[in-house]
Amino acid sequence: MNASALARSAAMPAASEDKANVAVSVRDVDVVFGERDSAVTALSGVSVDIPAGSLVTMLGPSGCGKSTLLRAIADLVPLRSGEITVLGRSPEQARRERNFSFVFQDATLLPWRNAIDNVRLPLEVGGGGSAHAEPAELLELVGLKGREKALPSELSGGMRQRVAIARALVSRPKILLMDEPFGALDEITRDKLNEELLRIWRETGTTIMFVTHSIPEAAFLGQHVLVLASHPGRVKEFVTVDLPAQRHLAMRDTLEFVQITAHLRRLLEEC
Amino acid sequence: MADVAHRSAALPQNGFFGFADRFRDKLPALLAVIGLIGSWQFVVWAFSVPTYMAPGPLDVLRSFRDDGWTLWSNFWPTLFEAVLGFIFGNLIAILLAIWFVHSRTAEKAFYPIAVFINTIPIIAVAPILVLIFGSGYLPKIIIAALICFFPTLVNMVRGLKAVTPATLDLMRVLSASQSEIFWKVRIQSSLPFLFAALKIASTTCVIGAIVAEWIGSNFGLGALIIEATYNFRSPLLYATVFTAALLAVMLFTLVSIAETRLIRWKASDVH
């Protein structure tokens, strides 16, 4: 199969790349949960560079630590060893400076706040950050103009996740970390949000790391796909997706796309 | 659009038809009450039950007319005790719950004591408090407070802790301080739990005040119950009991109104 022509693979990409062009750098990271007998190694010797401004999807079987890696970058999980730098800073420093935002699988909106007040939350806590976007404009960006006053209980699952994305963008982060944000949505909603995420990515120029367990989603969204293997979680391959930057849902029916997903599927089966 | 939220179609109707609908809704309850009172009157009349043993509804109504002033003047002390007991009992419970949530040590030290206090029958505590504080208002307020205290403490601790791990992750990513988490998240998410307890307390505080008035008191609905019983003034006894029930319903309604005012968001994840 000639998939490698379409999906260039490299174990250590961008090694020679200028440091300024790397948004997130992960070096020999080990993450271990629990102590001694009950210790579980979630990540072992993980190294990867995420190019600035890119959209990297993270794919792997359950238990491969893809969420753990994302949470480690977000300073939600401590490292056993190794180093992570986010825009040249430690994850904690980057968190305090609001260099990244996190979108969870659940929208995690505060149910007593309406849409626009939920978007405003990051500006009200933790010092508020230095830069901020206009919440009303962000709701328009995610297609929720006119629903500013709606409570989360009055919104559908897809709309709630749109609010969560607007909230993540309000502090104008340079990096967006997304942990299976569309995993709980139906396929049609998911497709629509995938397209809109690509549009937002192009319009904002944000670096995006996106965890998913869906092969088509990983291939459709990602400029690169970081494939992880499990037990213990480690990097299997950093796949570059050779598709045009401008993507449409119809592209998923092309031969090129199918060859990429076939390659990813084979990688996952080897894990 | 794929993700349009469908709001409940059952909107409250206004105008005449709304009233008619509501009336039809309440009709079974209304008929049941009329039926019960009717059969009560019938049983009393058919078996010629002496009034001192069990008065009929008409005797009770007559008592409301003849002893109206006695009931009125004894209603106020009980209301006063119940309301002050409600305020202090719940206030102390809420403050203690806040302390418990912020200090594991405090919770470990004082929670068992709170449980122990709750196991003491309130009727057994009443004489002790009367011995210490005399026959004035104070022991009644303390007993009313004591009876409110425990359910509110338990519910408030639960409510303040009822924040999902994902929400705490979100607040951590936003670098929110403990006090920001408390004011922006914990207080709000505890409100449904708090009001569940306050509704219980709104009726039990009346019970507390009345039980306290049974012991060494010459005012209040509780004292009137004792007096009417000893003098075989059964219609007055019944009228007093109905007045006490009315007082409890009144307080319950006030708390319910406050609840709908304060919690406009639908508490979908509170069970």
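Predicted model: local features only at pLDDT ≥ 70, side-chain atom pairs only at ≥ 80, totals over all residues.
Residues are numbered from 1 along each chain as its sequence is written, with chains lettered from A and ligands numbered from 1 in the order in which they are written.

Chain B to begin. It has 10 helices and zero strands. Along the sequence that reads α-α-α-α-α-α-α-α-α-α. The radius of gyration of chain B, taken over C-alpha atoms, is 24 Å.

Now burial. A residue is buried with 20 or more other C-beta atoms within 10 Å of its own, exposed with 12 or fewer, and partly exposed in between; C-beta atoms are placed from the backbone. In chain B, 31% of the 271 residues count as buried. For contacts, the C-beta atoms, placed from the backbone, must lie within 7 Å. Take the chain B contacts with a separation of 6 or more: 77% of them join residues 24 or more positions apart.

Annotations next. UniProt positions are in the numbering used here, feature names are shortened, and annotations may be inferred rather than shown by experiment. An unreviewed UniProt entry lists "domain: ABC transmembrane type-1" at residues 75–259 of chain B. That stretch is 88% helix and 0% strand, with its end C-alpha atoms 25 Å apart. The unreviewed entry also lists "transmembrane region" spans in chain B, among them 29–55 and 113–135. Residues 29–55 of chain B are 67% helix and 0% strand, and the end C-alpha atoms lie 24 Å apart. Residues 113–135 of chain B are 83% helix and 0% strand, with ends 27 Å apart.

On to the interface. How many residues of chain B are in contact with chain A? The count is 22, against 26 residues of chain A. On the chain B side, α7 (165–173) and α8 (178–214) each supply at least two residues. The largest share, seven residues, comes from α7(B). By class, that side has 11 nonpolar, four polar and seven charged residues. Nonpolar means Ala, Val, Leu, Ile, Met, Phe, Trp, Tyr, Cys and Pro; charged means Asp, Glu, Lys and Arg; the others, Gly among them, are polar.

Cores. A nonpolar core is a set of buried Ala, Val, Leu, Ile, Met, Phe, Trp, Tyr and Cys residues joined through C-beta atoms within 7 Å. The largest has 86 residues, and A:Met58, A:Val163 and A:Ala166 are among those touching the most other members. Helix α6 (residues 157–169) of chain A gives the most to this core, seven residues. Beyond four places in sequence, A:Ala166 has contacts including A:Val119 and A:Leu138.

Most residues other than glycine have a negative phi, and most peptide bonds are trans. A:His231 has a positive phi of about 50°. It sits in the loop between β9 and β10 of chain A. A cis peptide bond joins A:His231 to A:Pro232, with omega about -10°. A:Asp28, in strand β2 (residues 22–33) of chain A, has phi near 50°. With 12 C-beta neighbours inside 10 Å, A:Asp28 counts as exposed.

Conventions
Contact = placed C-beta atoms within 7 Å. Helix = DSSP H or I, 4+ residues; strand = E, 2+ residues; numbered from the N terminus. Rg over C-alpha atoms; globule rule 2.2 N^0.38 Å.
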